[in-house]
Amino acid sequence: MTDLPSATSPPSRRRRRRGGRRALRIVLLTVALLVLALAGGGWWAYSHLNGNIDSVDLDQALGDNRPKKVVAGAQNVLVLGSDSRAGANGDLDHGDVSGARSDTAMLVHIPEGRSRATAVSIPRDTLISRPECKDADGKTVKPANRVMFNSVYSVAGPACVVKTVEQMSGIRVDHFVEVDFAGFKGLVDALGGVTVTLDKPMSGAKGGLKLDAGTHRLNGTDSLKFVRTRYGYGDGSDLGRIGLQQQFMMAMLSEIKKQDALGNPARLYKLADAGTKSLTTDSDLASLTSLADFAQSMKGVDPDTMETIMLPVAYDKVDPNRVVVAEPQAGKVWEALRTDQKIPADAKNSPAKG
């Protein structure tokens, strides 16, 4: 039966029915508008964050002459922190300086099962053999011996850094992630800071950060100074700085986990916006969907159980301010990661300590 009013229905009843249908239409229209607004906003947010991400096609840049994958379920991710002083980055450090270098480099190995991880830091002052590469413009960069590891980025770009690490290790790099100064600062500030603990004071030498021994909550600017501190803490070497970088990485991962940032949409968007603004990845990760899927697959990795080591190196006999890869220790480290095994204890003993 229809619910339309009959000719004999009282006028008040007809008005109530017309008013009820009008109210229902208003509610439905309002809901429809809200859905459209939310969908539009979601699409805008997705497009905005997607547009933040730069990418490098490793397969095209490196070709087929790469190490073979040994363990199908394992993942190897090269993480770079670039120290360009151009643009917004110039305000965060020492002003405009031409070029950029990979100030931080870690090969992160996630074994099959993805319940733990190992990060191997490669000292920036390590003298290595650079392979022949193609730069960002497609021009050939000739191979060279005894060049500093962190110079590879400035000479030939991130794809060549990946190729250099693959040549050094014999490990196929599955993914590449690069964050520059401005992105790092923004990510820490989006978290509301990161807490670190020092067992001895940091003196602030050469414009660095000055901190007493103990626990400190660092904002983005101070966090950047913390991970770049070289003089005024430990032995003042680049090797000593690696320890600070690894400590901070663990502290930041713990902060993300503690805040349940991945389970809070508003906070997640804020983190994603800050993080993607200065993010470069390989083309397979260069979308929010791919990054989210990859992050979801890594959720079983606990920062508290993540192992961090420095690639074993020795002081160079010609230039004591530089280091060279120490063998057989380094070979054992790479072999363990390549075959998804635990790193032997004797392989972690680096002749140059830092």
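**Close-up views of a predicted model**

**View 1. Residue P344 is found in the segment that follows helix α10 (329-338).** The structure is a predicted model, in which local features need pLDDT of at least 70 and side-chain atom pairs count only at pLDDT 80 or more, while totals for chains, interfaces and linings use all residues. Residues are numbered from 1 along each chain as its sequence is written, and side-chain values use heavy atoms, with hydrogens and water left out. Helices (H or I, at least four residues) and strands (E, at least two) are DSSP runs, numbered from the N terminus. P344 has a relative accessibility of 32% and therefore counts as partly exposed (buried means under 20% relative accessible area, exposed over 50%, and partly exposed in between, with a 1.4 Å probe and protein chains only). Neighbours within four places in sequence aside, P344 is in contact with K332 and A336 (contact means heavy atoms within 4.5 Å). The C-alpha atoms of P344 and K332 are 7.3 Å apart, although twelve residues separate the two in sequence.

**View 2. Four strands form an open sheet in the order β8-β5-β17-β16, with mixed pairing.** Strands pair if DSSP finds at least two bridges between them. Strands β8 (144-148) and β16 (313-315) are at the edges with a single partner strand each, so one side of each has no neighbour in the sheet. On average, neighbouring strands of this sheet are turned by 40° against each other, direction ignored.

**View 3. Strands β5 (residues 126-130) and β17 (residues 323-325) pair in the parallel sense over two bridges.** The bridge partner of T126 in β17 is V323. Helix α4 (residues 158-169) lies across β5 and β17 and runs at about 100° to β5. Axes are lines fitted to C-alpha atoms, for helices over the stretch in contact, and angles run from 0 to 180 degrees between N-to-C directions.

**View 4. Helices α6 (residues 220-228) and α7 (residues 238-258) pack at an angle of about 140°, with axes 7 Å apart.** This angle makes α6 oblique to α7 (under 35 degrees counts as roughly parallel, over 145 as roughly antiparallel, 65 to 115 as roughly perpendicular and the rest as oblique). From α6, S223, F226, V227 and R228 meet R241, L244, Q245, Q247 and F248 of α7. By class, this contact has four nonpolar, three polar and two charged residues (Ala, Val, Leu, Ile, Met, Phe, Trp, Tyr, Cys and Pro count as nonpolar, Asp, Glu, Lys and Arg as charged, and the others, Gly among them, as polar).
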